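Subject: Structure for you to look at

Hello,

Here is the structure for you to look through. My notes follow below it.

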Amino acid sequence: MSEGEVKTESVGTVVVAGAANLAIAVAKLVAGLISGSAAMLSEAAHSVADTTTEVLLYLALRRGARPADRRHPFGYGKESYVWAFLAALFTFVAGAGFAITHGVTTILVHRHSGNYLASYIVLAVSFVIESVSLARAVRQVRNESRRWRTTPRRLLRLTADTTIKAVFLEDSAPSSVCSSPPSGWACPT
């Protein structure tokens with residue numbers, strides 16, 4: 001597998017993850033509007049932030065792959081790290097902002113958070129969609145680890161491809177599908 005094919009596979013993984021996050025955002029938005037759940041609307045905003053992260057990772061791959069030119073004789077490869085950093089920063093700031101806003105609103109208003117059935121349906125749909133994205137990331141990690149004759153864990157630790165790290169770790173984290181569970185339901189820690 002050539003370096004170009006690896007980059008193409010990374011672009012595909014990021015696009016699948018972005019589409020998955022967008023589908024989850026739409027599901028949460030619909031559930032939030034139907035049920036009146038502030039938590040679901042907050043989660044929809046969080047999923048939009050995740051989708052934006054994938055867009056920034058896509059930019060990292062595309063802009064970092066540009067060939068060298070007169071102004072940049074060594075190419076643009078390092079630019080991908082800047083875009084990946086911005087994606088991580090955006091995820092942290094936007095995610096924290098939504099969580100804090102929702103938490104403060106819940107404490108101050110203290111009202112019913114909507115229909116729980118809609119939340120459970122969105123949780124199930126999110127799990128399925130996120131699993132598709134995770135399967136794509138796992139396949140890429142396995143393929144690249146075979147290519148480099150190393151373990152997937154070592155590959156994730158040492159690879160310079162920040163996008164596959166970001167997609168794999170985001171999709172495999174338990175908080176991907178249960179960052180705001182319905183009342184009375186606990187996510188694994």
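Is Glu79 buried or exposed? Glu79 is buried, with a relative accessible area of 18%. Buried here means under 20% relative accessible area, exposed means over 50%, and partly exposed is in between (1.4 Å probe, protein chains only).

Two remarks on the basis. This is a predicted model, so local features need pLDDT of at least 70 and side-chain atom pairs count only at pLDDT 80 or more, while totals for chains, interfaces and linings use all residues. Residues are numbered from 1 along each chain as its sequence is written, and side-chain values use heavy atoms, with hydrogens and water left out.

Overall fold

The chain has seven helices and zero strands. Helices (H or I, at least four residues) and strands (E, at least two) are DSSP runs, numbered from the N terminus. Of the 189 residues, 38% count as buried. The accessible surface comes to about 11100 Å². Carbon and sulfur atoms hold 68% of that surface. Areas come from the Shrake-Rupley method with a 1.4 Å probe; for residues, only the protein chains shown count as cover. Take the contacts between residues at least 6 apart in sequence: 73% of them join residues at least 24 apart. Contact means heavy atoms within 4.5 Å.

Salt bridges

A search of the whole structure gives three salt bridges. The criterion is a side-chain nitrogen of Lys or Arg within 4 Å of a carboxyl oxygen of Asp or Glu.

Lys28 pairs with Glu43, with the closest N and O atoms 3.0 Å apart. Lys28 lies in helix α1 (residues 3-35) and Glu43 in helix α2 (residues 38-64), so this bridge ties together parts 15 residues apart in sequence. Both Lys28 and Glu43 are buried.

Glu79 takes part in a network of salt bridges with Arg63 and Arg66. Its bridge to Arg63 has an N to O distance of 2.4 Å. Arg63 lies in helix α2 and Glu79 in helix α3 (residues 79-109), so the pair ties together parts 16 residues apart in sequence. Arg63 is partly exposed, at 30% relative accessible area. The bridge between Glu79 and Arg66 comes to 2.8 Å, N to O. Arg66 sits in the loop between α2 and α3, 13 residues from Glu79. Arg66 is also partly exposed, with a relative accessible area of 30%.

A buried arginine

Arg136 is in helix α4 (residues 116-147). Arg136 is buried yet has no salt bridge. The nearest side chain of opposite charge is Glu9, 5.3 Å away. For charge, Lys and Arg count as positive and Asp and Glu as negative; His and the chain ends are not counted. Neighbours within four places in sequence aside, Arg136 contacts Glu9, Gly12, Thr13 and Val16.

A nonpolar patch

Val82, Phe85, Leu86, Leu89, Phe92 and Val93 make a nonpolar surface patch of about 590 Å². Patch residues have over 30% relative accessible area and no salt bridge; like charges are joined within 9 Å, and nonpolar side chains (Val, Leu, Ile, Met, Phe, Trp, Tyr) within 5 Å. Phe85 belongs to helix α3. Phe85 is exposed, at 52% relative accessible area.

Best wishes
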